[in-house]
Amino acid sequence: MDPETRARIILSDDHSFVRRGLRNILESTDQYEICGEASDGSQTLELAKRLHPDILIIDISMPSPNGLEVARQLHESLPEIKVLILTMHDSAEMLRAAAAAGAFGYLLKSDDERSLVDALQHLKMGQHFVSPAFEPDLAKQLFH
Amino acid sequence: MNALKVLIADDHDIVRKGLRALVEERPGWEVCGEARSGREAVEKTVQLGPDVLIIDVSMPDLNGLDATRQVRRLSPKTEVLIITQHDSDEMAGEVLDAGARGYVLKSDSDRDLANAVEALSHHKPFLTARVTEIFLASRGRGGREPDPVDAVRNRLTMREREILQLLAEGKSAKEVASVLGIAIKTSDTHRTNIMRKLNVHSVAELVRYAIRNKVVEP
């Protein structure tokens, strides 16, 4: 993507202040436009189909369906949307599951603001990003 | 009229940003500080004297409930709003017992959160109808049934509970001493006392006990 263009993002999390925090951080750079917000899986799918964002940031623990299922469905129907999982789950198993579901990136809620900005920059340029909390070798192996 | 001073305590950057945005949206409200751990929340409350402390129940270093107990003791004018992922009867009871008068789920709306802060700013409680029901029911029964968390509270001093959490988070007695600013020998003595009171014989058992009794999360 042309670095001058703003990437369009949908935020999906059932915690409103997480969405608000994300919006606050991302809108303060000039690189992103938040084009929609959702608080459950089916709302997310509906918005994604309607708005065709460049990037979707989604929590795994979302009501009906959960974030992994949303990632799976979008990977099939709208693979050009890059899905960044943002979650509390820091296990290798969950990371593997996210990769298998077609997620483009994986970030932990405990990661700092800088990692979030880093992650979005990578995704905007078409590069995978995995939280620095994971072993780099594992991350490379799963997301290549 | 003085601005309402709010202190935000959560270990996640993104959540703190979101809570700050919410508070700063309201004219007359200001964020006077942020804390990333329970201990920092207590220190900053004492330092800054906020009107309202918004604190997550799961915080490293000193959990939200224990931090609330300390805050209510050290800064009685500060009202505490607890935010939590988990809604359960047990949690509701714990929150009330700790002295928080506000309780909101993370999945509740921005408006609920704002209403909670508003209520607390007038020293009125903000509890959902369900939590109020639990509170009234327990008082009607003449007190709650003893539960595991009570067991920890009743047997250990506040200091010992702090140390239990640090040990259960994997800190050595030396690191505990460093965090609390006490001598290593004192930290060791506390550890021995805690293990004796809880009748455990290894740190591994101590950790299991702490998890079972919700001092730390697994």
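Two residues are in contact here if their C-beta atoms, placed from the backbone, lie within 7 Å. Keep that in mind for the tour of this predicted model, where local features need pLDDT of at least 70, side-chain atom pairs count only at pLDDT 80 or more, and totals for chains, interfaces and linings use all residues. Residues are numbered from 1 along each chain as its sequence is written, while chains are lettered from A and ligands numbered from 1 in the order in which they are written.

**Stop 1: where the chains meet**

Select the contact between the chains: chain A brings 15 residues and chain B brings 14 residues. On the side of chain A that touches chain B, look for helix 1 (16–27) and helix 5 (113–124), the elements that give two or more residues. Helix 1 of chain A gives the most, with eight residues. Helices (H or I, at least four residues) and strands (E, at least two) are DSSP runs, numbered from the N terminus.

**Stop 2: chain B as a whole**

Now show chain B, with its eleven helices and five strands. Of its 218 residues, 39% are buried, meaning that 20 or more other C-beta atoms lie within 10 Å of a residue's own, with C-beta atoms placed from the backbone.

**Stop 3: helix 2 of chain B**

Select residues 38–48 of chain B. Which residues of helix 2 of chain B are buried? They are Gly38(B), Arg39(B), Glu40(B), Ala41(B), Val42(B), Lys44(B) and Thr45(B). Their cover includes strand 1 (4–9), strand 2 (29–35), strand 3 (52–56) and helix 3 (64–74) of chain B. Step just past helix 2 of chain B to find Gly49(B), which takes a positive phi of about 55°.

**Stop 4: the nonpolar cores**

A nonpolar core is a set of buried Ala, Val, Leu, Ile, Met, Phe, Trp, Tyr and Cys residues joined through C-beta atoms within 7 Å. The largest one has 82 residues, and those with the most contacts inside it are Val83(A), Leu84(A), Ile85(A), Ile54(B) and Leu81(B). Select Leu81(B): leaving aside residues up to four places away in sequence, Leu81(B) touches Val52(B), Ile54(B), Ala100(B), Gly102(B), Val104(B), Ala116(B), Val117(B) and Leu120(B). Another core, of eleven residues, lies apart from the largest one and has Leu164(B), Leu167(B), Ala210(B) and Val215(B) among them.

**Stop 5: a helix pair**

Finish with residues 173–180 and 184–198 of chain B, helix 9 and helix 10. The contact between helix 9 and helix 10 of chain B is made by residues including Ala173(B) and Val176(B) from helix 9, and Ile184(B) and Arg191(B) from helix 10.

Key:
Buried ≥ 20, exposed ≤ 12 C-beta atoms within 10 Å, placed from the backbone. Axes fitted to C-alpha atoms, helices over the stretch in contact; angles between N-to-C directions.
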